[in-house]
Amino acid sequence: MKEKLKPIKTIHSGLTLGIAVAYFILGDLQTLEFLKIPKIETSTFIYLLIPIAAIFLGNLLYKQQLKNIANNLTLEEKIGTYQTASLIRWAMLEGAAFFILFAKKEFVLIGLFLIFYLVFLKPSEEGMKRDFEMAGK
């Protein structure tokens, strides 16, 4: 099973490392200015909704993908669906983080929270089993 999870773990590591490097280079993290919380106005409120929507929509699509799999399959046979569902969820988070980085650099701290959340979504056999159990599969 560990061999079957290697590709998805490699993809996860690449996505996480890639966005972290982009934030380090483009986000001006060397100055610690990013720790200042910007003033939130009605025109900037949408930049807060995008990461929240990415988290909720990513999780919703992830769970929906896991629910669409047959119950009689083994864990090894379910790994393809797990990979697809995980990639969808990660793409939502990465897209929101990049959007924040390029559209509103003042909210780079929120993008960092998305990256940390992405790190915690690391694929594992135990996590895969748990997620399928929660989906009723």
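1. The C-alpha atoms fill a box of roughly 50 × 30 × 20 Å, taken along the principal axes.

2. A word on the ground rules. This is a predicted model, with pLDDT of at least 70 needed for local features and 80 or more for side-chain atom pairs, while totals for chains, interfaces and linings use all residues. Residues are numbered from 1 along each chain as its sequence is written, and side-chain values use heavy atoms, with hydrogens and water left out.

3. On burial: 35% of the 137 residues are buried (under 20% relative accessible area; exposed is over 50%, partly exposed in between, with a 1.4 Å probe and protein chains only). In α1, the buried residues are L5, I8, H12, T16, I19, A22 and Y23.

4. Still on α1: the 25 residues should span 36 Å at 1.5 Å a residue, and the end C-alpha atoms are 35 Å apart, which agrees (expected span is 1.5 Å times one less than the number of residues). There is also a kink of about 25° centred on I8, the bend being the angle between axes fitted to the seven residues ending there and the seven starting there.

5. Now the largest nonpolar core, which has 31 residues (buried Ala, Val, Leu, Ile, Met, Phe, Trp, Tyr and Cys joined through side-chain atoms within 4.5 Å). L5, I19, Y23, L66, Y82, M128 and F132 have the most contacts inside it. Two or more residues come from each of α1 (2-26), α2 (46-67), α3 (75-103), α4 (108-120) and α5 (125-134). The largest share, ten residues, is from α3.

6. The largest pocket holds about 170 Å³. Here a pocket is an open set of points on a 1 Å grid over the protein atoms alone, where a 1.4 Å probe fits, with protein on both sides within 12 Å along at least five of seven lines; lining residues have an atom within 4 Å of a point. Volume is the space filled by probe spheres set on the points, which are joined across faces, edges and corners.

7. As for the lining, α2 gives the most, with five residues. Among the lining residues are N59, R89, D131 and M134. M134 sits in α5 and is exposed, with a relative accessible area of 64%.

Terms used: Helices (H or I, at least four residues) and strands (E, at least two) are DSSP runs, numbered from the N terminus.
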